[in-house]
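Please keep the sequence and the model in view while reading.

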Amino acid sequence: MEIIDIFFNIDVMRRAFPIIMRGLMNTLLLGSAAIVVGGTLGILVCLVRLYAPRPFQLLAIFYTDIFRAIPVLVVLILVYYALPFAGIVLSSFIAATVALAVVLAAYTAEVVRAGIQAVPKGQFEACDALGLSFVTTMRKVILPQAFRMMIPPLASYGVAIIKDTSLASVVAMDDLLKQATDAQALFANPTPLLLAALVYVAILWPLVRLTGWLEEHFKRGYR
């Protein structure tokens with residue numbers, strides 16, 4: 001009973017719940033912003049790598065290699081704590097969004113590149129023969145076909161980014177983990193941390209299962 005009172009204190013859980021929910025809203029907002037910005041940037045980086053002049057292609061390759069090699073936490077600390085020395089001061093939310101987005105963009109660029117290159121070259125040749133512009137070709141012909149192959153890995157990276165939002169607590173953003181840590185200190189009880197873990201599971205477990213279903217679904221489609 002003592003263990004239950006320490007880790008699953010109902011009274012503490014009840015009082016900490018509103019605090020945890022405020023943190024959850026910030027976490028979901030951060031995750032959504034990072035996915036939208038990172039996904040868009042990743043597509044642009046991919047197109048530069050595939051179709052831009054050679055010097056820009058090398059820059060895109062350098063970008064994807066570097067940001068896939070650096071841990072997200074290191075990027076976040078550099079953005080939040082190092083940029084102010086150059087006169088660039090960002091809020092904790094903006095800094096976390098930038099850090100998560102630039103890392104996600106690197107992975108997204110590689111996924112999109114693999115998807116585009118998997119489309120038969122005859123599709124490009126047919127569009128060229130029809131006189132379609134590059135933008136129209138990508139938007140109406142190539143990307144819709146490649147997108148089916150991209151969905152499972154992109155979904156996996158999206159789940160990973162939402163998990164990585166917990167790192168924002170390092171820069172004092174009031175995300176789910178930060179609020180749970182503050183509540184734990186306020187009530188002198190670890191129950192808020194357990195509650196936060198349960199909230200993460202409740203949100204991410206369905207997404208993990210959805211990712212697995214998408215992988216199986218598209219595997220059957222390829223067969």
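## Salt bridges

The structure holds 7 salt bridges, a salt bridge being a side-chain nitrogen of Lys or Arg within 4 Å of a carboxyl oxygen of Asp or Glu. Side chains of opposite charge can pair when their charged atoms come close. A network of these bridges links Arg49, Asp65, Arg68, Glu110 and Arg113.

One of the pairs is Arg49 with Glu110, whose closest N and O atoms are 2.4 Å apart. Because Arg49 belongs to helix H2 (residues 10-51) and Glu110 to helix H5, this pair ties together parts that are 61 residues apart in sequence. Glu110 also meets Arg68 in a salt bridge, at 3.9 Å from N to O. Here too distant parts of the chain are linked, with Glu110 in helix H5 and Arg68 in helix H3, 42 residues apart.

## Basis of the model

The model is predicted: local features need pLDDT of at least 70, side-chain atom pairs count only at pLDDT 80 or more, and totals for chains, interfaces and linings use all residues. Residues are numbered from 1 along each chain as its sequence is written, and side-chain values use heavy atoms, with hydrogens and water left out.

Glu110 is buried, at a relative accessible area of 14%. Asp65 is partly exposed at 40%, and Arg68 is partly exposed at 34%.

## Thr108 in helix H5

Helix H5 spans residues 92-118 and includes Thr108. With a relative accessibility of 4%, Thr108 counts as buried. Apart from neighbours within four places in sequence, Thr108 is in contact with Gly38, Gly39, Gly42, Ile43 and Leu154, where contact means heavy atoms within 4.5 Å.

## The chain as a whole

The chain has 9 helices and 0 strands; helices (H or I, at least four residues) and strands (E, at least two) are DSSP runs, numbered from the N terminus. Its C-alpha atoms fill a box of roughly 75 × 50 × 25 Å along the principal axes.

Of the 223 residues in the chain, 37% are buried. Among contacts between residues at least 6 apart in sequence, 76% join residues at least 24 apart.

Terms used:
Buried means under 20% relative accessible area, exposed over 50%, partly exposed in between (1.4 Å probe, protein chains only).
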